[in-house]
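Subject: Structure for you to look at

Hello,

Here is the structure I said I would hand over. Please open it first and then read my notes beside it.

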Amino acid sequence: MAATLKKKTYNLDAQIIERVRRLLHAKTETEAIQKALQKTIDDSEIEEALEKMLAEGRFRPTYR
């Protein structure tokens, strides 16, 4: 998917942005926000795939 950049203005909590920047090892706030948004998309896709596999019975409970 080709990236389309669009300049936007948002009111965001500076402390949260800084924390995300450090957690994701981003150099800039923009990079931090992009990484956080991409991670959210990736996590959602993983959850959907796991739910589908669970519904198909491809998982079973195991106890140790």
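A helix here is a DSSP run of H or I at least four residues long, and the helices are numbered from the N terminus. Keep in mind that this is a predicted model.

Helix H2

Helix H2 covers residues 29–55. As for the general principle, side chains of opposite charge can pair when their charged atoms come close. Lysine 39 counts as partly exposed because its relative accessibility is 42%. Aspartate 43 is also partly exposed, because its value is 32%. For both, the cut-off to remember is that partly exposed lies between the buried limit of 20% and the exposed limit of 50%.

Glutamate 18 and arginine 21 are three residues apart in helix H1, so the separation is about one helical turn. In another, glutamate 18 pairs with arginine 22, and the closest N and O atoms are 3.5 Å apart. Glutamate 18 and arginine 22 are both in helix H1, four residues apart, which is again about one turn of the helix. Glutamate 18 is partly exposed, because its relative accessibility is 26%. Arginine 21 is partly exposed too, because its relative accessibility is 22%. The count of salt bridges comes to four.

The ends of helix H1

H1 runs over residues 14–23, and of its 10 residues the count of buried ones is one, so the helix is hardly covered. What caps its N-terminal end? Aspartate 13 does, with a side-chain oxygen 2.8 Å from the backbone nitrogen of glutamine 15. Alanine 14 is part of helix H1, and it counts as exposed because its relative accessibility is 55%. Alanine 14 and glutamate 29 are 15 residues apart in sequence, and their C-alpha atoms are 9.3 Å apart in space.

Just after H1 comes histidine 25, in the loop between H1 and H2. Most residues other than glycine have a negative phi. Histidine 25 is not a glycine, yet its phi is positive, at about 55°. Histidine 25 counts as exposed, because its relative accessibility is 66%.

The largest pocket

The largest pocket has a volume of about 820 Å³. Its lining is made up of 19 residues, and Lys6, Thr30, Ile33, Gln34 and Leu37 lie nearest its centre. Which helix gives the most to this lining? Helix H2 does, with seven residues. By type, the lining residues divide into 10 nonpolar, five polar and four charged.

After that, go to histidine 25 in the loop between H1 and H2.

Regards

Methods:
Residues are numbered from 1 along each chain as its sequence is written. This is a predicted model: local features need pLDDT of at least 70, side-chain atom pairs count only at pLDDT 80 or more; totals for chains, interfaces and linings use all residues. Side-chain values use heavy atoms; hydrogens and water are left out. Buried means under 20% relative accessible area, exposed over 50%, partly exposed in between (1.4 Å probe, protein chains only). Helices (H or I, at least four residues) and strands (E, at least two) are DSSP runs, numbered from the N terminus. A polar contact is a pair of N or O atoms within 3.5 Å; within protein, one must be able to donate a hydrogen and the other to accept it, and residues adjacent in sequence count only if both atoms are side-chain atoms. On a 1 Å grid over the protein atoms alone, a cavity is a set of points where a 1.4 Å probe fits but cannot get out, and a pocket is an open set with protein on both sides within 12 Å along at least five of seven lines; lining residues have an atom within 4 Å of a point. Grid points are joined across faces, edges and corners, and a volume is the space filled by probe spheres set on the points. Ala, Val, Leu, Ile, Met, Phe, Trp, Tyr, Cys and Pro count as nonpolar, Asp, Glu, Lys and Arg as charged, and the others, Gly among them, as polar. A salt bridge is a side-chain nitrogen of Lys or Arg within 4 Å of a carboxyl oxygen of Asp or Glu.
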